[in-house]
Amino acid sequence: MFEKILIANRGEIALRIHRACREMGIKTVAVHSTADNAAMHVRLADESVCIGPPPARESYLNIPAILSAAQITGADAIHPGLGFLAENPGFAEMVEEHGFVFIGPSVEHIRMMGDKVAAKRAAVELGIPVVPGSEGAVESLDHAISEAKRIGYPVLIKAAGGGGGRGMRVARDEAEIKEMLPAAQRESAAFFANAEVYLERYLGHPRHIEVQILADGQGGVIHLGERDCSLQRSHQKVLEETPSPALNAEQRAELGRVATRAIAKLGYKSAGTIEFLFEDGRFFFIEMNTRLQVEHPISEMVSGIDIVREQIRIAAGAPLGYRQADVALAGHAIECRVNAEHPETFAPSPGTITGYHAPGGMGVRVDSALYQGYSVPPQYDSLVAKLVVHGTSRNECLMRLRRSLEEFVITGIETTIPLHQRLVVAPDFINGLYDVHWLGRFLGRG
Ligand code: MV4
């Protein structure tokens with residue numbers, strides 16, 4: 001097993017990884033920008049190294065500085081966390097070239113899934129149903145028009161280098177393809193250094209449902225059920241739950257079977273997530289994430305499996321500690337993402353925390369690096385806490401979530417806690433009747 005792990009991240013996720021390390025008897029190295037000198041992930045780590053000034057480009061994305069920090073502290077392995085360098089195949093490659101273990105999947109799998117056209121092609125080969133669409137990237141306007149005719153309007157233009165909703169456009173007819181395709185290609189080239197775009201049939205009211213996978217690359221593959229992440233605003237997830245209120249037992253079992261079979265065939269290792277759109281009783285692959293995800297704790301709550309611990313064990317060469325038959329998914333879990341933002345305008349709200357009191361009690365977990373007196377810097381992601389609640393049933397979980405939101409006190413900055421308080425009493429949410437567009441309408445901006 002590793003003796004020392006460098007955590008190439010900040011905030012709550014750096015803390016989350018630190019906790020798994022400590023419980024495994026592994027020492028931790030924090031890296032941080034000058035904006036994070038007083039951050040909790042730095043205070044709790046065994047050692048810390050300042051890797052640059054506040055802009056992420058010069059610190060948390062500064063590969064030479066991170067590799068130097070690993071070298072001078074004698075770390076065995078690097079955990080990239082999420083965001084920043086977590087899905088950068090070049091980073092994973094350099095980590096390995098410098099003699100450290102990258103805690104994550106292979107460079108090849110990160111690269112494959114980063115190219116959404118290649119990922120979709122792989123999904124088809126692995127027997128996963130995909131959204132009907134173009135055969136690979138569209139090469140020209142004529143090609144796009146003929147493919148769109150075959151697929152049927154409306155079609156969605158997506159960027160091969162994109163993902164997470166960036167650079168998408170809905171075309172309702174041939175005229176709109178003519179107008180939108182060149183713009184989409186230009187934008188893709190500028191944003192993602194990849195001009196390739198592809199087409200998919202546009203699904204009008206899907207849910208976003210993803211399956212959590214763990215694989216050891218030695219034949220061991222398990223899934224930890226699905227997460228319903230349909231409650232999003234501007235492609236930012238707001239609240240996630242497991243199991244999905246939209247799936248029946250048969251659909252759930254089928255999703256798990258399809259996902260694990262594919263991952264085994266792919267020879268994938270580490271944690272991963274397969275994303276699907278679910279509409280009218282059918283599910284379609286859209287993307288695969290080759291990293292730990294923000295919402296992973298809800299899967300941990302229902303499975304009792306520490307996903308980060310398994311990532312670390314797998315990276316150290318150990319086989320998975322569980323077979324599918326050992327995985328008993330129990331009860332219901334919900335995560336509320338608490339952002340340092342105004343709850344109505346969503347304007348960022350960095351600043352000093354004047355008061356902090358986290359909820360607790362049975363079935364409640366708060367992942368946060370906040371403390372009283374800490375200043376939330378303006379440079380980074382606005383997520384400051386995750387409230388994760390478990391109950392034996394969805395109703396128990398909802399009651400527990402409501403009382404936890406009442407207990408949660410964060411003063412000195414604006415947070416999205418009041419938004420969650422409104423959301424958890426909305427009849428459609430209570431009834432589980434929502435798709436990816438529901439929250440936008442609820443918030444009154446379509
Ligand atoms: C779609 C879609 C409808 N049809 N693909 C947006 C994020 C990216 N991961 C995929 N997205 C979508 N892809 C087809 N063929 C609708 C969306 C979508 C969406 C998906 C998940 C969560 C929120 C969303 C909000 C708007 C659109």
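Predicted model: local features only at pLDDT ≥ 70, side-chain atom pairs only at ≥ 80, totals over all residues.
A polar contact here is a pair of N or O atoms within 3.5 Å; within protein, one must be able to donate a hydrogen and the other to accept it, and residues adjacent in sequence count only if both atoms are side-chain atoms.

Numbering starts from 1 along each chain as its sequence is written, and side-chain values use heavy atoms, without hydrogens and water.

**Stop 1: the ligand**

Select the ligand and its shell. The shell holds 19 residues, and the closest are K158, E200, R201, L203 and E287.

Now pick out the ligand nitrogens. A ligand nitrogen is 2.7 Å from a polar backbone atom of R201. At L203, a polar backbone atom is 2.9 Å from a nitrogen of the ligand. Turn to E287: an N or O atom in its side chain is 3.2 Å from a ligand nitrogen. On its own, the ligand has 510 Å² of accessible area, and the protein covers 94% of that. Accessible areas come from the Shrake-Rupley method with a 1.4 Å probe; for residues, only the protein chains shown count as cover.

Next, colour by element. Helices (H or I, at least four residues) and strands (E, at least two) are DSSP runs, numbered from the N terminus. The elements that give two or more residues to the shell are strand 6 (155-159), strand 8 (197-201), strand 12 (269-279) and strand 13 (282-289).

The shell has 8 nonpolar, 6 polar and 5 charged residues. Ala, Val, Leu, Ile, Met, Phe, Trp, Tyr, Cys and Pro count as nonpolar, Asp, Glu, Lys and Arg as charged, and the others, Gly among them, as polar.

**Stop 2: strand 14**

Select residues 332-339. Is this strand buried or exposed? Of its 8 residues, 8 are buried, so strand 14 is largely enclosed by the rest of the structure. Buried means under 20% relative accessible area, exposed over 50%, and partly exposed in between (1.4 Å probe, protein chains only).

In a regular strand the side chains alternate between the two faces of the sheet. On one side of strand 14 sit H332, I334, C336 and V338; on the other sit A333, E335, R337 and N339.

Which strands pair with strand 14? Two strands pair if DSSP finds at least two bridges between them. Strand 11 (residues 236-242) pairs with strand 14 in the antiparallel sense, over 4 bridges.

**Stop 3: the cysteines**

C397 is buried, at 0% relative accessibility. By contrast, C50 is partly exposed, at 41%. How many disulfides does the whole structure have? The search finds 0. A disulfide is a pair of cysteine sulfur atoms within 2.5 Å.

**Stop 4**

Most residues other than glycine have a negative phi, and most peptide bonds are trans.

- Y153 and P154 are joined by a cis peptide bond, omega about -5°. P154 is in the loop between helix 7 (141-151) and strand 6.
- T242 and P243 are joined by a cis peptide bond, omega about -10°. P243 is in the loop between strand 11 and helix 9 (249-266).
- A193 is not a glycine, yet has a positive phi of about 55°. Look in the loop between helix 8 (174-192) and strand 8. A193 is exposed, at 75% relative accessibility.
- H235 is not a glycine either, and has a positive phi of about 65°. Look in the loop between strand 10 (221-233) and strand 11. H235 is partly exposed, at 45%.

**Stop 5: strand 1**

Select residues 4-7. K4 and L6 point one way, I5 and I7 the other, and all are buried. Strand 1 runs parallel to strand 2 (residues 27-33), joined by 4 bridges. L6 has V29 as its bridge partner in strand 2.

Methods. Near = heavy atom within 4 Å.
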